[in-house]
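Let's take a walk through this one together.

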Amino acid sequence: MAVEEFEPRIVAFMCNWCTYAGADNAGVARLESPANILPIRVMCSGRISPELVLRTFREGADGVLVMGCHLGDCHYSSGNHRTIKRIPLLKSLLGFAGINPERLQLEWVSAAEGPRFTQVTKAFVERVRTLGPLSEEVAA
Amino acid sequence: MNEQPVPSIIEAIRQTVAERLQELDGVVGLRRSSEGVAPHVFQQGDDLSELEIVPRYPLTTVVSRLHKSFPEIRLGIVARGCDERAFVEMAKRNQIDPDRLFILGIACTAEEAEECHCAAPFPKHLVVGKPVAPGSPNPVVAEYDNTPLAKRNAFWRRQFAKCIKCYGCRNICPECFCEDCAMEDPAWVEPGLLAPPFPVFHLIRAMHMASRCVACRQCDLTCPAHIPLTVLYDLMRRDMEATLGYIPGEDIKAPPPLSVTLNEAPLLVNTGHMD
């Protein structure tokens, strides 16, 4: 029986001011990004609540990428200060509950970093591919 | 849990309450009536022989309601170590007014400290009783780092499968005061599922408890399904202390680190995102 290769489903929350423009930059430069990424534009990475990430996993995402402006570049000056504290804590919690914390990742991508956007998304998709489907990890 | 306090302690706290009632508008404590023990605002002239200190019961939400309804009222509160820490966290979040609250602290017994694995079984404003040594740390938490992911997952799925979604953990919690609870919001937790969906329901609560949980163990004691919730919350407390140097209830001047900028509450570890 042929085994279909597992294609991870990744939800990427991108901040409107940096990463979303960075993704545009990658597209304009004709850089290839993996099609596994479902982009969701938000106004700030600081609005990504733990509830939102957990519900995204609940809805079947195999991995969640949170992307925003580098420290000091936040459009709202300190929105990403919340993100940088919250996401590592949430990763710890996932680990405590037995979900591989590598399924959640935080990355800063600026509006000028098209190549970095491609590189980060590719690396994350490959990482989650090796982890396998989340449904196998949390099967009831 | 049901053991009676040493008579001298209960007598001494009744005496203290009687004295403080001379100048305070009321003292919040537990009162025994024919129907059981319940929260009560003792006022001058009340029969203080009805004042009890067991079973433990958190009174922060009672005080919060009183402070909001009566903006001038000055209250005393019979409080253990965990109660005092809970008031500190509630004060930071503007749920009580620390200038109108006076802690009448009682120390827990060594047995109580051990039962709760309590690291600080007495309040800073100690009035009655002698401080006892901390209880031993929770053995499950101590061994947790050596537990593989799959085993952790199996453990919690088994535990959470028992949940009857009674919200007892939230309702008893001295730190839960939101008028709209994320655990009841259909945007985050789809309604009608029993046991509640994993990972949303319990992990939302664990995340919300991260900078608040004062390790009072009330949720563990209340849970009708005996889910050891404080194992998860203790791990989060440990993480908070390691990454942000924050111990809930320790210092009334320390801002809740998740709600402020890096300048006000810096990260102590490099998570690789500092550039």
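Start with Thr19(A), which sits in helix H1 (residues 19-28) of chain A; helices here are DSSP runs of H or I with at least four residues, strands are E runs of at least two, and both are numbered from the N terminus. Before we go further, keep in mind that this is a predicted model, where local features need pLDDT of at least 70, side-chain atom pairs count only at pLDDT 80 or more, and totals for chains, interfaces and linings use all residues. Residues are numbered from 1 along each chain as its sequence is written, chains are lettered from A and ligands numbered from 1 in the order in which they are written, and side-chain values use heavy atoms, with hydrogens and water left out.

Is Thr19(A) buried or exposed? Thr19(A) is buried, with a relative accessible area of 0% (buried means under 20%, exposed over 50%, partly exposed in between, using a 1.4 Å probe and protein chains only). Skip its neighbours within four places in sequence, and Thr19(A) is in contact with Met14(A), Met67(A), Gly68(A), Val109(A) and Phe117(A), where contact means heavy atoms within 4.5 Å. Take Gly68(A): its backbone nitrogen is reached by the side chain of Thr19(A) at 3.3 Å.

Now hop over to chain B and find Ala86(B) in helix H3 (residues 81-92). Ala86(B) also counts as buried, at 1% relative accessibility. Not counting residues up to four places away in sequence, Ala86(B) touches Thr60(B), Pro174(B), Glu175(B) and Val214(B). Look at Cys173(B) too: Ala86(B) and Cys173(B) are 87 residues apart in sequence, yet their C-alpha atoms are 9.4 Å apart in space.

So what happens where the chains meet? Chain B brings 43 residues to the contact and chain A brings 36. The size of an interface is often given as the accessible area lost when the parts come together. Here the buried area is about 3400 Å², with 67% of it from carbon and sulfur atoms (that's the area lost to a 1.4 Å probe, summed over both parts). Trp188(B), Met207(B) and His273(B) supply 19% of the area that chain B buries against chain A, more than any other three residues.

The interface of chain B and chain A has 2 salt bridges, meaning a side-chain nitrogen of Lys or Arg within 4 Å of a carboxyl oxygen of Asp or Glu. Arg55(A) forms a salt bridge with Glu190(B), and their closest N and O atoms are 3.8 Å apart.

Methods: Buried area is the accessible area (1.4 Å probe) that two parts lose on being put together, summed over both. A polar contact is a pair of N or O atoms within 3.5 Å; within protein, one must be able to donate a hydrogen and the other to accept it, and residues adjacent in sequence count only if both atoms are side-chain atoms.
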